[in-house]
Amino acid sequence: MTVPHLPRLSLLFSALLLLAGACGAHAEQTAEDRQSLANRYVHEVLPYWQHRLALDDWDIHILLSRPEDLRPGTLGNIHWDRDKKAATIRVMDSTGYHADLAAMLKDMQVTVVHELVHLELASLPVAEADRSNQEFAIDHLTDALLASGSRSVADPPALSR
Amino acid sequence: MKITLSAIALMAALSMASYAADFTGQLMDATCAEQSHTGTPSAATPASPSAGSATTSSTTSSKACNATTATTAFALEANGKTYKLDSAGNTKAAAAIKSRADRSADPTKAMSAIYTAKVTGTDSSGTISVESIDIQ
């Protein structure tokens with residue numbers, strides 16, 4: 001099985017970001033450019049993190065959503081069907097971001113990983129009162145995963161003696 | 001000729017009556033909403049056909065009766081009315097609300113307790129026979 005490329009080292013997006021930066025010196029990026037790059041980016045990072053989290057047996061779709069189509073105060077969501085092993089991740093689209101391109105894409109990746117961690121935990125029952133605690137834990141797990149994102153799965157850290 | 005036209009008109013009327021429609025609104029806990037309207041515990045409310053009638057939504061019920069993952073009987077506040085969901089709808093809504101999660105923009109703040117849903121189904125005396133439900 002082919003391991004998806006690491007998104008942080010993606011040649012495609014490194015080139016695109018460089019190009020976007022160079023273009024930015026001359027003219028503002030259009031909203032369409034940002035949206036198009038965002039759409040390509042989330043479709044690139046999804047298979048990588050899906051594999052990292054051993055969710056290859058799930059059929060996961062991803063799409064960008066306008067902020068008004070998400071719950072107020074949220075940046076994305078996931079809906080899943082455990083029986084069909086299918087899920088859809090919605091990530092807030094570029095119209096909801098006022099950050100520069102790189103920061104926007106980085107945050108979109110956080111949303112993808114965050115929602116995939118939710119999917120990992122989908123089989124566990126969560127009481128309404130525990131939801132905020134679960135969110136807190138998932139935020140920390142997401143941060144840890146992203147911090148270790150540059151390390152290859154086949155290259156674990158050496159054990160200290 | 002007259003009979004044919006009447007038959008066509010009747011068939012058209014019947015097909016219109018059973019035509020599924022989309023209802024978009026706020027998902028509520030039906031038991032709680034009913035208590036808010038009647039001011040009595042739902043267990044004491046007699047199960048009569050009129051109990052399913054769509055009622056004009058009240059602000060009180062909107063604030064206090066948001067659906068949660070613990071809800072088993074759902075209602076939908078849409079177009080200024082409160083609709084109940086049928087049994088299949090309750091099952092679908094319960095599954096949908098448990099099979100979703102969000103990423104909050106500010107994890108230090110409590111997330112909105114409101115679930116907006118688009119319900120596709122047929123309204124019959126204030127109860128929607130649910131074909132599908134899509135929670136935002």
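User: What makes β2(A) and β3(A) count as a pair of strands?

Analyst: β2(A) and β3(A) run antiparallel to each other and are joined over six bridges. Two strands pair if DSSP finds at least two bridges between them, so β2(A) and β3(A) qualify. A:Ile78 faces A:Ile89 in β3(A). In this hairpin four residues lie between the strands, and A:Lys85 takes a positive phi near 50°. Before going on, please note that this is a predicted model, in which local features need pLDDT of at least 70, side-chain atom pairs count only at pLDDT 80 or more, and totals for chains, interfaces and linings use all residues. Residues are numbered from 1 along each chain as its sequence is written, while chains are lettered from A and ligands numbered from 1 in the order in which they are written.

User: How do you know which stretches are strands and helices, and how many does chain A have?

Analyst: They are DSSP runs, numbered from the N terminus: helices are H or I with at least four residues, and strands are E with at least two. Chain A has four helices and three strands, in the order α-α-β-β-β-α-α from the N terminus on. Chain B has four helices and seven strands.

User: What is the sense of the pairing between β1(A) and β3(A)?

Analyst: Strand β1 (residues 59-65) of chain A pairs with β3(A) in the parallel sense, over seven bridges. A:Ile62 has A:Ile89 in β3(A) as its bridge partner.

User: Why is β3(A) called mostly covered?

Analyst: Here we need the word "buried": a residue is buried if 20 or more other C-beta atoms lie within 10 Å of its own, exposed if 12 or fewer, and partly exposed in between, with C-beta atoms placed from the backbone. Five of the seven residues of β3 (residues 86-92) of chain A are buried, hence the label. Over the whole of chain A, buried residues make up 27% of the 161 residues. For chain B, the figure is 30% of the 136 residues.

User: Which strand of chain B pairs with β2(A)?

Analyst: That is strand β5 (residues 100-104) of chain B, which pairs with β2(A) in the antiparallel sense over five bridges. You can look for two of the facing residues: A:Gly76 stands opposite B:Arg103 in β5(B), and A:Thr74 stands opposite B:Ser104.

User: Why are β1(A) and β5(B) said to stand at the edges of the sheet?

Analyst: The open sheet has four strands in the order β1(A)-β3(A)-β2(A)-β5(B), and its pairing is mixed. β1 of chain A and β5 of chain B each have a single partner strand, so one side of each is left without a neighbour in the sheet. On average, neighbouring strands of this sheet are turned by 15° against each other, direction ignored.

User: How do you know that the two chains touch, and how many residues take part?

Analyst: Two residues are in contact if their C-beta atoms, placed from the backbone, lie within 7 Å. By that rule, 22 residues of chain A are in contact with 17 residues of chain B. On the chain A side, β2 (74-81), α3 (101-120) and α4 (131-147) each give two or more residues. β2(A) gives the most, with eight residues. The chain A side divides into six nonpolar, nine polar and seven charged residues. In this count, Ala, Val, Leu, Ile, Met, Phe, Trp, Tyr, Cys and Pro are nonpolar, Asp, Glu, Lys and Arg are charged, and the others, Gly among them, are polar.

User: Why is α3(A) called oblique to α4(A)?

Analyst: The two helices pack at an angle of about 120°, with their axes 9 Å apart. That angle makes α3(A) oblique to α4(A). Angles under 35 degrees count as roughly parallel, over 145 as roughly antiparallel, 65 to 115 as roughly perpendicular and the rest as oblique. The axes are lines fitted to C-alpha atoms, for helices over the stretch in contact, and angles run from 0 to 180 degrees between N-to-C directions.

User: Which residues meet where α3(A) packs on α4(A)?

Analyst: From α3(A) come A:Val110, A:Val113, A:His114, A:Val117 and A:His118, and they meet A:Ile138, A:Leu141, A:Thr142, A:Leu145 and A:Leu146 in α4(A). By class, this contact has seven nonpolar, three polar and no charged residues.
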